[in-house]
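Here is a briefing on the structure shown below. It is arranged by topic for reading alongside the coordinates.

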Amino acid sequence: MALTTQAAEPVGGAGGFLAGSAPQRARRRRLGLPPMTAKLAAGLIISGAILLFGLLGPFVVQDPTRVDDIGLTGPSSAHLMGTTQTGQDVLAQLAYATRGSLTIGAIVGVLTLLLSGFFGVVGAYAGGWVDEFFSLFTNIMLVIPGLPLVIVISSYVPDKSLLLVALVLSLTGWAGSARVLRGYTLSLRNRDYVLASRVAGEKRWRILAVEILPNLIPLLASQMVFAVIFAILGEAGLSYLGLGASGSISWGTMLYYAQNGLALRLGAWWWFVPPGLLLALFGAALSLINFSIDEIINPKLRNQTRAARRGWLMSRKQLETAKEATL
Amino acid sequence: MHLLRKVGFYVIALWAALTVNFIIPRLMPGDPVSLLIAKLGQRGPVTPEARASIEVLLGTDTDQPLLAQYVDYLGNLATGDLGLSVSYFPAPVTSIIGQTLPWTIGLIGLATVISFLLGIGLGTVAGWKRGSWLDNLIPVTTMFQSVPYFWLALILLFVFGSVWPVFPLNGGYDIYDTVPGWNAEFIGSVLYYGTLPALTIIISSVGGWMLGMRNMMVSTLSEDYLLTAEAKGLRPGRVMRTYAARNAILPSISGFAISLGFVVAGSIVTEAVFSYPGIGSALLQAVGSNDYALMQGIFLVITLSVLGANLLVDLLYSVIDPRTRART
């Protein structure tokens with residue numbers, strides 16, 4: 001029972017203006033979910049819509065690689081978002097590209113979570129030389145620049161699968177969040193309730209899994225969201241440079257072909273704007289979700305706290321009268 | 001002691017980077033050495049020394065034990081021998097890096113510093129005046145941050161290069177009318193050609209600094225010593241700068257060190273979009289023409305510069321934050 005109060009404690013007291021009725025709020029709080037604010041709602045709706053588009057879109061649209069002799073045309077009733085210079089339907093490409101990019105994001109998100117969780121949480125909890133070694137390893141991975149490494153590795157392998165690209169991206173991207181997790185775990189493991197459960201004779205793995213991990217969930221969630229953004233942007237950059245997975249369609253490869261097809265010079269905005277816009281929207285939606293998660297981790301960022309603080313500040317007029325009174 | 005620990009870490013990191021650079025070509029499928037030497041052979045005669053140096057750098061199928069190869073490799077690096085480049089034959093890799101590195105450091109370094117200072121300044125004010133228009137601007141700048149960098153650059157290039165031609169489309173300076181050197185025309189041309197790339201870097205990265213600084217300001221502002229400072233009747237400007245901002249900036253500075261790695265990574269994409277004659281373009285050129293020696297050399301230099309910059313920031317950090325010195 002002590003566990004539920006611990007997990008719910010940081011959420012308590014944060015009531016957004018969209019929080020709904022009191023019993024509803026209490027239920028969200030009990031489940032450890034962030035309060036439903038406008039930011040969170042917008043983030044969930046946008047990312048959900050893009051997710052649905054990537055999941056269901058490919059079943060509805062035509063074959064994205066089908067070449068047509070109409071060439072580069074703008075949006076019309078036959079092709080809602082126009083065609084590329086070889087007459088491929090942009091909407092169809094976009095649907096498949098969304099699926100490709102999201103797949104990469106999901107794989108890298110999970111892999112990064114596992115790697116950073118292992119090196120960050122386990123290292124910090126174990127302490128001693130394990131921690132020293134893990135943190136040294138993390139810091140080294142952090143200072144070795146990721147994208148050049150990815151470029152060098154991928155240039156040696158001519159035929160890359162989607163999985164290989166995801167693997168390379170997660171190998172170069174886990175270190176940052178491992179460091180964040182380590183810092184937070186270090187502060188958790190020295191809290192009284194952890195010490196108390198140790199004194200009570202709980203096993204080490206049980207303390208880690210039952211006492212510490214639940215309190216890390218908000219942080220893990222926000223780190224995973226970051227990892228997904230990082231992965232999708234990283235893959236897009238790699239594909240844009242022409243080094244992505246071979247034979248895959250993603251937002252990055254669309255931009256690569258648009259750039260090579262002189263879409264910019266020809267003013268074919270319907271070709272290069274949508275993939276970038278979806279990338280940006282998805283990234284922004286995930287950041288909005290992360291804002292809400294951040295407010296759980298850091299209660300000082302919450303609106304309510306800020307409003308309370310603002311009440312303490314004197315207005316300029318009050319300050320002046322106070323000054324006059326002292327003079 | 002603290003200093004020693006720091007330097008020790010960077011020595012280990014340097015060793016790790018060198019080793020990664022040593023292992024990658026040997027782990028990868030295919031035989032990069034014979035490919036490279038075949039390519040070099042098409043361009044001109046390959047001296048036995050050049051061949052030997054490439055073999056040492058990239059590994060061969062000879063039955064020499066890995067450890068001996070490793071020692072040879074470190075020895076070659078110590079003398080500054082990075083082999084010959086294929087794509088710029090017969091220039092040695094080191095001279096190509098020497099030519100391209102100043103461009104990258106000039107453009108990316110300056111843009112990053114400007115973006116950092118701007119973001120910190122704006123974030124300080126936004127955190128200080130919570131709820132002001134500047135504070136409400138933050139979601140907009142984070143939106144810019146989630147825009148993929150190269151896409152933003154493409155759009156800006158499209159708008160300011162094609163639609164409304166204010167800035168040149170690509171290149172680092174006017175190659176027809178100016179002569180590289182310390183003359184006014186050349187420097188002016190470099191500044192003119194660098195403005196748009198620098199602008200795209202600043203726009204896409206300033207939001208992150210601003211958000212981080214603003215959040216730290218908000219956290220710091222709820223500390224008791226700030227209430228005390230305000231109660232003492234100190235001027236608001238003084239409270240903001242010397243009491244709040246000075247403490248709130250610390251995470252941003254360590255973040256700055258970490259971001260340097262991403263800066264170099266970003267430079268590759270920037271230079272690809274703007275065909276800027278920096279080290280990123282050289283790396284892409286090397287990748288495009290399977291110029292493994294140049295590629296490894298550039299990766300090494302990028303890693304070294306990131307390590308060096310990190311070390312500098314770390315040393316600076318212990319000057320700014322006395323607590324890190326006291327701990328050991």
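Predicted model: local features only at pLDDT ≥ 70, side-chain atom pairs only at ≥ 80, totals over all residues.

The predictor assigns the complex an ipTM of 0.73 and a pTM of 0.75. For chain B the mean pLDDT is 76, with 77% of its residues at 70 or more.

**Contact between the chains**
- In this model, 39 residues of chain A are in contact with 44 residues of chain B.
- On the chain B side, the helices that each supply at least two residues include helix 1 (2-27), helix 8 (184-221) and helix 13 (292-320).
- Helix 1 of chain B gives the most to that side, with 8 residues.
- By residue class, the side of chain B that touches chain A has 33 nonpolar, 10 polar and 1 charged.

**Nonpolar cores**
- The largest nonpolar core has 125 residues, and Ile232(A), Leu255(A), Leu283(B), Met295(B) and Ile298(B) have the most contacts inside it.
- Leu283(B) touches Pro148(A) and Ile151(A), as well as Ile268(B), Met295(B) and Ile298(B), leaving aside residues up to four places away in sequence.
- A second, separate core of 21 residues has Met210(B), Leu211(B), Met217(B) and Met240(B) among its members.

**Helix 4 and helix 11 of chain A**
- The axes of helix 4 (residues 90-126) and helix 11 (residues 251-260) of chain A come within 7 Å and cross at roughly 135°.
- The two helices of chain A, helix 4 and helix 11, are therefore oblique to each other.
- Helix 4 of chain A contributes Gln93(A), Ala97(A) and Ser101(A) to the contact, and helix 11 of chain A contributes Trp251(A), Thr253(A) and Met254(A).
- The residues of this contact divide into 3 nonpolar, 3 polar and no charged.

How values were computed: Residues numbered from 1 in each chain as written. Chains lettered and ligands numbered in written order. Core = buried A, V, L, I, M, F, W, Y, C linked by C-beta atoms within 7 Å. Buried ≥ 20, exposed ≤ 12 C-beta atoms within 10 Å, placed from the backbone. Contact = placed C-beta atoms within 7 Å. Helix = DSSP H or I, 4+ residues; strand = E, 2+ residues; numbered from the N terminus. Nonpolar A, V, L, I, M, F, W, Y, C, P; charged D, E, K, R; others polar. pLDDT = per-residue confidence, 0-100. Axes fitted to C-alpha atoms, helices over the stretch in contact; angles between N-to-C directions. Parallel < 35°, antiparallel > 145°, perpendicular 65-115°, else oblique.
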